[in-house]
Amino acid sequence: MEWLSWFDARDYEFARQVLQRGTAALYCLAFLSTLNQFPALLGERGLLPVPDFLGVVRRMGRPTLFRWRYSDRLLRAVCIFGLAVSALLVLGLPQTGPPWLPMIAFLALWFLYMSIVNVGQTFYGFGWEVLLLEAGFTVAFLGSDQTPPPATILVLVVWLVFRLEFGAGMIKMRGGREWRDLTAMFYHHETQPMPGPLSRQAHLLPRPLHKVEVLGNHFAQLVVPFFLFAPQPVAGIAAGIIILTQLWLVGSGNFAWLNWAAIILAFAAVSDPVAHAVFPFIPLEWHSGATTPVWWLVVVLAVTLLLLVFSYRPLLNLFSREQLMNASFNRWRLVNAYGAFGTVTKQRIEVVVEGTSDEDPDSPDEAWLEYGFKGKPGDVRRMPRQWAPYHLRLDWMMWFLPLRTVHEEWLYRFLDKLLTADPPTLRLLGHDPFDGGRPRWVRVQTYLYRFANRAEFRATGERWVRVPLYEAIPPMSLDSRRRLPWQ
């Protein structure tokens, strides 16, 4: 019907394919990460057990499937089901049916993952968790191959990208002085939570180039997002700039699926003609004969209205002096506030966990062996690996300890698990110096880390230079567990 022409975005079929399949791929990674790590971190015998959390929080303010009962078996079933559904969406099978079919599939992913996030406590307190939830809910209403992409949903996805980018830019301008004097990148590549294989080379770039990096970041986050709402091809060019800057972040760090989510969502502003101009193999005509049923129009407009109502507080937050970062304003985790790195850490302090089999931990001849993590820096010779978009939650939380306090309940529980050589906990690590055996004592040391310059690397082969700082937690044994603050 001609009167629906304003609603049908027929030139955005490629964008829909990227949004649906890309978002589903991120859900696949999120459920896989949860399946591999959640039981050891938050399971029945985890570091912060969900049953204990639910016992204390008698009235959950946010919805979760685990409100009445949690078990590791149920958690694994949820993850396997989520993996299966997201895999089908990546293949595009539900999209071949009526529009309600991919809608139900994405809403199932959204609710199941929200159930996990809402009991995930500190291990699920990252901004990209709620970003994935909002993205999954929104793309659920992009329809199927039997209908044209709805324009209002594409605009809402662009609005999400705008909040993600502009919110991060405003956080930086209101944050540390290093963003305003253009020195932030003097430190960031070295002190970011989990450096990647190219982070050291990025850090060693000349300082004038680091200032160009900051200027480019400000341009991409504070100027470019407004052009996402412009007519084509300007909107497509703006999306391309965001995609390129996010690819640089992908190559220079490990931020789970944050950067990949931004890349995928930015395609909402890329029309088929713009995509075809860049990649000629992308067709210009997709399902030109598809029509929009009236019932689907009503559903999409109702959801559009709901998300616009939810947008009021996030919009005010963007321009507030008390801007919140990575915050939700409703119990459904929809239309959230985003942002990252309002301040940049100037020095890298690493928390190092060690164990020994000696009977006397104070003996001058004791041999302390270091536990190795999969992603966070430890061995000074090891090149950092590229883990993103996979999320190593324990490694990330170890980075936060020096910024807050090492005396976290979960860290003491972690040390306790090492003393008992708990197999699920050991599987979270990259290297167990005791090969599954029990140490007599464990302790926590801190070191100052910095990247080796080129001359130092040539002389020693070490990528990091580290200096001992202080003993953060003195030696503990199984017999001394009564001193733990959570017991």
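Which residues make a nonpolar surface patch of about 430 Å²? The patch is made by Phe 219, Val 223, Phe 226, Phe 227 and Val 234, where patches are made of residues with over 30% relative accessible area and no salt bridge, like charges being joined within 9 Å and nonpolar side chains (Val, Leu, Ile, Met, Phe, Trp, Tyr) within 5 Å. Accessible areas come from the Shrake-Rupley method with a 1.4 Å probe, and for residues only the protein chains shown count as cover. Val 223, one of the patch residues, lies in helix H10 and is partly exposed, with a relative accessible area of 35%; buried here means under 20% relative accessible area, exposed over 50%, and partly exposed in between (1.4 Å probe, protein chains only).

The model is predicted, so that local features need pLDDT of at least 70 and side-chain atom pairs count only at pLDDT 80 or more, while totals for chains, interfaces and linings use all residues. Residues are numbered from 1 along each chain as its sequence is written, and side-chain values use heavy atoms, with hydrogens and water left out.

Helices (H or I, at least four residues) and strands (E, at least two) are DSSP runs, numbered from the N terminus. Helix H11 comprises 19 residues (residues 234–252), which at 1.5 Å a residue should span 27 Å, and the 28 Å between its end C-alpha atoms agrees with this; the expected span is 1.5 Å times one less than the number of residues. The buried residues of H11 are Ala 235, Gly 236, Ala 238, Ala 239, Ile 242, Ile 243, Gln 246, Val 250 and Ser 252. An α-helix has 3.6 residues a turn, so residues three or four places apart point the same way. The elements that cover the buried residues of H11 include helix H6 (151–174), helix H8 (188–191), helix H9 (199–203), helix H10 (207–223), helix H12 (258–266) and helix H13 (272–278), contact meaning heavy atoms within 4.5 Å.

For helix H4 (residues 100–117), the 18 residues should span 26 Å at 1.5 Å a residue, and the end C-alpha atoms, 25 Å apart, agree with that expectation. Among the buried residues of H4 are Met 103, Phe 106, Leu 109, Trp 110, Tyr 113 and Ile 116. The cover over the buried residues of H4 includes H1, H3, helix H5 (127–139), helix H14 (294–310) and helix H16 (393–400).

Within helix H1 (residues 13–42) is found Gln 17, which is buried, with a relative accessible area of 12%. The side chain of Gln 17 makes a polar contact with the side chain of Glu 13 at 2.8 Å; such a contact is a pair of N or O atoms within 3.5 Å, of which, within protein, one must be able to donate a hydrogen and the other to accept it, residues adjacent in sequence counting only if both atoms are side-chain atoms. When its neighbours within four places in sequence are left aside, Gln 17 is in contact with Gly 22, Asp 145 and Trp 286. The C-alpha atoms of Gln 17 and Leu 142 are separated by 9.5 Å, although these residues are 125 residues apart along the chain. For Arg 67 and Met 194, 127 residues apart along the chain, the separation of the C-alpha atoms is 33 Å. Arg 67 lies in the loop between helix H2 (50–56) and helix H3 (72–91) and counts as partly exposed at 29% relative accessibility.

Side chains of opposite charge can pair when their charged atoms come close. With a salt bridge taken as a side-chain nitrogen of Lys or Arg within 4 Å of a carboxyl oxygen of Asp or Glu, the count comes to 12 salt bridges. In one of them, the side chains of Lys 346 and Glu 178 meet at 3.2 Å, N to O. Lys 346 lies in the loop between helix H15 (312–318) and strand S1 (348–356) and Glu 178 in helix H7, so the pair ties together parts that are 168 residues apart in sequence. Lys 346 counts as partly exposed at 39% relative accessibility, whereas Glu 178 counts as buried at 6%. The side chain of Glu 178 also reaches the backbone nitrogen of Val 344 at 2.6 Å.

A further salt bridge joins Glu 354 to Arg 443, the closest N and O atoms being 2.7 Å apart. Because Glu 354 lies in strand S1 and Arg 443 in strand S5 (residues 441–451), the pair ties together parts that are 89 residues apart in sequence. Both Glu 354 and Arg 443 are buried.
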